[in-house]
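Sequence and structure come next.

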Amino acid sequence: AVADPFRATRSHYTDSGCTTQAFATTAGSQMSFFWTTSIAIYLFITIVRGNFRLADKLVIVFHIFSWGVPLLLTFLALGFKQLGDSQMKDSVNWCWITDHNLHNKEARLTQLKWMIITGKGWEILSYVLVIVFYVLIKCHLRRKSSRDQFLTIKSYEAAQSANRKPTFVPIVFVLLRMWGTIRFFTVA
């Protein structure tokens with residue numbers, strides 16, 4: 001009951017409440033993956049390509065894509081009545097893709113398909129894209145910060161410090177998110 005008050009008080013837990021939670025967490029999670037990837041692309045375009053005009057023009061595309069695609073996919077899942085109580089017995093109660101009948105193989109495959117479409121697929125794609133773009137940014141900064149370009153040791157050290165920072169973004173992003181992905185693959 002302490003670990004999962006919703007499951008302990010199931011009679012007080014409504015289907016509409018679960019569907020609302022599923023909608024909010026599904027759309028919100030997807031938006032965070034899309035925005036994280038959009039920021040990586042923006043930084044790549046500005047730092048590596050040096051094309052500030054293109055990056056600024058893409059901001060509206062990033063907004064449309066990062067808000068619109070997650071909302072579209074989540075509304076589709078809602079329309080197909082896929083959002084609700086997942087009833088996963090091996091984890092705490094979580095409202096995401098509903099369990100219509102997990103003993104039926106076809107129903108389980110449908111649930112997995114919707115889980116990939118509304119979350120895990122975008123999450124894994126985001127891992128890959130963020131890592132690729134930040135590696136490209138880091139390689140570019142490393143090439144640009146050769147010792148000969150700087151007048152002082154202090155300016156060289158500042159450039160080296162700036163070059164280390166892009167390393168942490170993908171590492172922290174993946175480390176914080178990977179546990180849910182590992183759990184998904186062990187349970188799926």
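Tyrosine 127 is buried, at 10% relative accessible area. Here buried means under 20%, exposed over 50%, and partly exposed in between, with a 1.4 Å probe and protein chains only. Phenylalanine 173 also counts as buried, at 12% relative accessibility.

Tyrosine 127 and phenylalanine 173 form an edge-to-face aromatic pair. Their centres are 5.7 Å apart, with 75 degrees between the planes. Tyrosine 127 sits in helix α4 (residues 105-144) and phenylalanine 173 in helix α5. The pair links parts of the chain 46 residues apart.

## Basis and pair rule

The model is predicted: local features need pLDDT of at least 70, side-chain atom pairs count only at pLDDT 80 or more, and totals for chains, interfaces and linings use all residues. Residues are numbered from 1 along each chain as its sequence is written, and side-chain values use heavy atoms, leaving out hydrogens and water.

Rings of Phe, Tyr and Trp (its six-membered ring) pair if their centres lie within 6.5 Å. Planes under 30 degrees apart count as stacked, over 60 as edge-to-face, and the rest as tilted.

The rule gives nine aromatic pairs. In one of them, tryptophan 96 and phenylalanine 184 have ring centres 6.5 Å apart and planes at 55 degrees, so the pair is tilted. Tryptophan 96 lies in strand β2 (residues 95-97) and phenylalanine 184 in helix α5 (residues 153-187), so the pair ties together parts 88 residues apart in sequence. Helices (H or I, at least four residues) and strands (E, at least two) are DSSP runs, numbered from the N terminus.

Tryptophan 96 counts as buried at 12% relative accessibility. Phenylalanine 184 is buried at 6%.

## Ring cluster

Ring pairs also join Phe34, Phe65 and Trp122 into a cluster.
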